[in-house]
Structure formats: structure tokens, C-alpha cells
Protein chains: 2
Amino acid sequence: MDGRLFTFAGGGIGAWKVTGITPVTGEGLPSAERLDVAPGGAVLPAAAWSLKGITSNERYVTRPEKSELAARQEGLGRPASTCAALIPIRKTAAWWALTQDERRAILEEKSRHIQVGLRYLPAIARRLHHCRDLGEPQPFDFLTWFEFSPGDTTAFDELLAVLRSSPEWSYVDREVDIRLARDSRISG
Amino acid sequence: MDGRLFTFAGGGIGAWKVTGITPVTGEGLPSAERLDVAPGGAVLPAAAWSLKGITSNERYVTRPEKSELAARQEGLGRPASTCAALIPIRKTAAWWALTQDERRAILEEKSRHIQVGLRYLPAIARRLHHCRDLGEPQPFDFLTWFEFSPGDTTAFDELLAVLRSSPEWSYVDREVDIRLARDSRISG
């Protein structure tokens, strides 16, 4: 799989302490003390819940946008990024019935999803995982993982508020906001 | 899964008789007498090989193209469609590293993939299955299933020849051409 598949398991173990699980739209997720993030699709037997997603090719960005993203973004795992968020979302059947040009127009020309994300780089690092075509039914379509320093929490909340008020978000019918903190013993 | 996942198994059983398996680019597939096409991901224990794919949202067509396709195409399972083909292909890493606009430009503006397919409707019915984001590693990126009447075999070969000579096909690094015939006892 070239390491493209990841499993996010909420339960009693994992490197990340769960600081909050907030249902934003639709059904939430059961509470969990910790989150384990692991490559591959193995399910932890003791997990309260387990979400899988796979990184994939770009679906919307153009070449100039991709170059700008690549020039500005930083990778995951920065020592100062002791805060993280996992935001699973599901989009409506109406979204998936749109054609590519219609989805792009809503996502970027109307909602500025890519441009808004760029404004928060490199502070907010991000990795997008797709769930919809995994083969087994999944409760969400996307899992987005974010990492940032505690001082950038307000900026991160602002980024989410902008996206959630965009036309694109009228197609989101389930969203959960999971906040996480890395233990000092692990982050050094 | 809303019935989006399908398994194509080559072996000793199945409704379709295999009339030929031709490697077009790269490694072929082992020979098989029959092909079983089944919804879901269950693997037949006795199969010589098994390929899985999932139907998904449109990746390239615009609204006018989708409307034109919908107006002209006919479904699978037509009684006269006693011929079928399964064409698994894999695209190169270079293809997947392209941005959406670059892939669309190669697929349609340079290769006329959608317009070429339209010319052969409704004679050649088609269903596209995606494999690349299934979660478990797959030998191909796409499985395309075609159905047509024996009298349209020449037209089908012409369609393939046009696509294979297009710029898009320079990004195909594995392709196998599997031809099939439905038993008269099954087709009535």
C-alpha cells in the first residue's frame, strides 16, 4: 500500500491524549481517553472505535495551487506540534452526484477551501485520508488530521469556523471534532 | 456499501466463458476457463485469480458530458449483449502525481476519452471500477467491464485501438484484455 492506509483508534492506549470529542453535525463518537494512530488497517481489539482512511492523489488542486501548498507547508511530527485534531466528515449523496467541475466550483471558486488552508500554512500541518472507496462501508468519507502548536489553537479554530460557514459545508451531513494533546513524556 | 464493490474471479466457475486473456502491456494474468462476477468482496477459494473494484463518483466528466452520456447509454444485462470484456489497467506513478487539471487535460482535451466513448453508445455498455484506494494493495488501478452484442465486436476493438493510441495511454503501464462470452443456456 506504500504506507497510504492509516487506522485511528480511540480507546485506552495511544500516543495522543484525547482532550475533547465534540459532535459538530449528526451523530458523534463514543468517548475515549487516548488515540492511537497507526499505519495499516489492523484493528486494536480493545478500541472503543476505529476509523480507517487512505491518502490518495489530489482531487481538486491545480498545479499552481499544488506548488504553493508544497512551498509553504511543513510535515507532520514537528516537535512543537503538541496539539492535534482528527476531524472525520461525511458528505451528502447530493455532493457525490455532482460532476467534477461542479464540486471544484463549490469547493474552491465559491468556498475558497484551498486558499483558506494556504493562509494557515505552515502553522497548521495537515494530512487528508479518504474512506469512501475503501471497499468496506465506512462511517465517514474523509478523515483529516491536523497538527499545530498550542499557540496556534486559536488560528486553527478560526480556520474551522471559516470552512464550516462556507457553501461547501452545506454538503457535510456528519462531522466530529476530536482534539488531542501529545504527552510531554513522548514529545520530550 | 450500496452494492458498489464487485469481485471478478477467474477460474472454473461463473456465468461467463473466457474466450481469451491477452497481455497488452506488462504482466498478463493466468489462464482461466470461466469468469464469475459477484457483488461484494468475497473471494472464491478455487479461483485462479480475483480482482476487486468499486464504482465511485465521476472523476472527470463535466455536467454537459454526464448528461450526454446518461441520454445515450444503456445498462448492463441486455439480452443481446452476449459478449463482454474485462480490461484491468494500472497507471504510472507519474499519472498519479499530476494535478486534477493536468489529468483532465490529458484524458479529454488531448485524448478525447469521453468523446470517443460517447461515439460507441449505446452499443458498448460500460461500468468502471476503481481499485487504487481499496485499502489492500491491488494489482490494477481500474477494472472496466464492457458488454456488447457479437455484431459490435469490431466496433469495440476499434474503440480500444483509438484509446490505446491516445496520449493518455502513455501513462498505462499494465493492461490485460479479457474477452468473454455468455453461455446460451444462461442468456436464453
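What covers the buried residues of α3(A)? The cover includes α1 (63-72), α2 (93-96) and α4 (113-119) of chain A, together with α3 of chain B. Helices here are DSSP runs of H or I with at least four residues, numbered from the N terminus.

A quick note on ground rules: this is a predicted model, where local features need pLDDT of at least 70, side-chain atom pairs count only at pLDDT 80 or more, and totals for chains, interfaces and linings use all residues. Residues are numbered from 1 along each chain as its sequence is written, chains are lettered from A in the order in which they are written, and side-chain values use heavy atoms, with hydrogens and water left out.

Back to α3(A), residues 100-110: its buried residues (under 20% relative accessible area, 1.4 Å probe, protein chains only) are A:Gln100, A:Arg103, A:Arg104, A:Ile106, A:Leu107 and A:Glu108. They fall within an arc of 165 degrees seen down the helix axis, so they line one face of the helix; the arc is taken over directions from the axis to the C-beta atoms. After the helix comes A:Arg112, with a positive phi near 55 degrees.

Now the interface, where contact means heavy atoms within 4.5 Å, and buried area is the accessible area (1.4 Å probe) lost on putting two parts together, summed over both.

| Chain B with chain A | Value |
|---|---|
| Residues from chain B | 28 residues |
| Residues from chain A | 28 residues |
| Buried area | about 2400 Å² |
| Carbon and sulfur share of buried area | 43% |

Six salt bridges cross the interface (Lys or Arg side-chain nitrogen within 4 Å of an Asp or Glu carboxyl oxygen). In one between B:Asp133 and A:Arg4, the closest N and O atoms are 3.0 Å apart. On the side of chain B that touches chain A, α3(B) gives the most, with four residues.

Notes
Helices (H or I, at least four residues) and strands (E, at least two) are DSSP runs, numbered from the N terminus. Buried means under 20% relative accessible area, exposed over 50%, partly exposed in between (1.4 Å probe, protein chains only).
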